[in-house]
Each structure stands twice: as C-alpha cells, then as structure tokens.
Amino acid sequence: AVNARSAILVTAADLAPQALALLADYEVVYAGKTPDEDSITALCEQHQPVAIIVRYGKIPARVMDASKALRVISKHGSGTDTIDSKAAAARGIAVKAAVGANADAVAEHAWALILGCAKGVVALDARMRAGFWDKATHKSLELRGKTLGVVGVGAIGRRVAELGVAFGMEVLAFDPFAKAAPEAATLVDLAELFRQSHVVSLNCPLTEDNRHMVNRASLATMRDGAILVNTGRGGLIDEPALLEALASGKLRAAGLDAFATEPLVGEPAFRAVPNVILSPHIGGVSEDAYVNMGTAAARNVLAVLSQPRPVAA
C-alpha cells in the first residue's frame, strides 16, 4: 500500500525514546531480547525493513537477502564485526557504526577492571564476606609510575590513555592506523608495548589481522605479574593461552568484558579462575551511552535513507 510506513528492524527488545523520536516516520519492529539468525531472517522476510539497527545477534548475507528493501545496517555501538561487511558492500547496503557514542562508558569500565585487578577489590570483598581479614597478607599494585599499554587509540583508547596519564602512569600506545599518539602518550610497536607494560588494555576492533593478538608467544614476552584488560572483542585473545598465563602467575590478573563465545554459558574455564574479573560485555552499557548509541544509530540510518537510492547498473 502507498500509505504504509517503511519498517526499521531493531535486533533487541528496545531502543532509547530519543532514538525512537528521530524514527517517528518509520514503523519500528523489535526482534526481542536475544534474537537468533533465523528469527531476524524471518522478520526481514515479513516486514521488508529498509534498515536494521543491530544491537544483538549477527547479520550475515542471508539476513540481507531476506529484505529486498534493505539499504542500511546501523550498529548500536562502535564495532561492526557482527555484520558481514563484504556481503553488504556487494549488495550496495551501507554499514554504519555509532563511533564514539559509548567511548566514555567503555573507557571508564576498562578502568574499573584495571583498578579491580590492581587492588584485588573483588577477591577481597569475597574474603571479607567469608569472614577473613587479609590485612597482613594482601599487597595491591600501585599504578603511579607504572607503564600502561593501550592497544587501539580510537575514541575509547584515547580516553583510557588520558585516564592513565591522570593516574601518573607512563602511557604507551599501539595503533597501526593512528596518525598521532594521545596527549602525553608514546606510539610504539605492539611487541614493545607488550614487553614494557605493567597494564595492557585492549581497545581495538576485531579484524582478521589482529585475531588472537594475545597468544602464548605474546604473553611470554610480557612482564611477570602484568595485568591484561579486554573491553574490545573476545577474539583478540587466545583464551586457553590466557588461562595458562593466569594459572602460572605470569599474569597477576585479567579483567574481561568480552569473550570468544557470547554469552558465556556452560563455560567453566573462566569461572574457576580466582585472578580474573568477569563482566558480561556491558562496558558500553551506561544510561548515557544507551541514549548516545541509539540516537547515533538512528541518525546514521536517516542519513543513508535521505539519499536517493542508487540505480542498479
């Protein structure tokens, strides 16, 4: 029908009201809390959305082919690794990310994990609740004067680096695409960053080039007693190698907000490890970031839809 509104599919159960207000001219369809590929595909077939706002789940070629009207896939966040970008490009579908919209939230969470690891916050809390008073045996790691290595200096990594400077740390950064180092930081190659850093924070997207950048070989080059924090993507770390380094004491501790397989269900490997702090990929989930990411994702959709549709050659 001529008067029917075009649909926009959101792969989640909700979207910030501020984002919905921007999309008032469209029918917004929700895929539910944790939608799988089949249900996303079925909704695309049923509603023929012009856009998909991706919060949860993967968007492979079969999802794209299910909607003939699809023009843009917009990520509710900064990482587009769950979207098959090559398949989208081949179909003339734009892929957009809400770059920087959750940068403060993720950087603050990275620092929560760094401090948690350095100060033993989680373990001490558990010991206190179990009736222990470990004052005589506990020693925290002091961060002032230590070296922080930040892998990836996009909006998030730059903020992590700034906070490192504020803590009086020496800050090293690695980013093959960076033109300049964050203020008061030094750009080095990855091997040197791993060798020198007392704390390593992963703040980069996952690509085929950097999968398992943290592996047995790179862990072996790190300082004994280093801290590793990952608020990026699980695939950056070879998890069995990390478990070995945590068990041997090579690493003091790790703080993980991303995992190779998510959600982490029926996976006892990390649960039994005392010197790891786990969170369910919520680094970017703050009240502010929820609004920022939603409105950025909505604006990215509108920017593409406002352009005339390219005529097929």
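Axes are taken here as lines fitted to C-alpha atoms, for helices over the stretch in contact, and angles run from 0 to 180 degrees between N-to-C directions. The structure is a predicted model, in which local features need pLDDT of at least 70 and side-chain atom pairs count only at pLDDT 80 or more, while totals for chains, interfaces and linings use all residues. Residues are numbered from 1 along each chain as its sequence is written, and side-chain values use heavy atoms, with hydrogens and water left out.

Helices (H or I, at least four residues) and strands (E, at least two) are DSSP runs, numbered from the N terminus. Helix H5 (residues 103-119) packs against helix H7 (residues 155-166) at an angle of about 45 degrees, the axes lying 8 Å apart. H5 is therefore oblique to H7, a term for angles that are not under 35 degrees (roughly parallel), over 145 (roughly antiparallel) or 65 to 115 (roughly perpendicular). The contact (heavy atoms within 4.5 Å) involves residues including Val-106, Ala-110 and Trp-111 of H5 and Ile-156, Val-160 and Leu-163 of H7.

A cis peptide bond, with omega about -5 degrees, joins Glu-262 and Pro-263.
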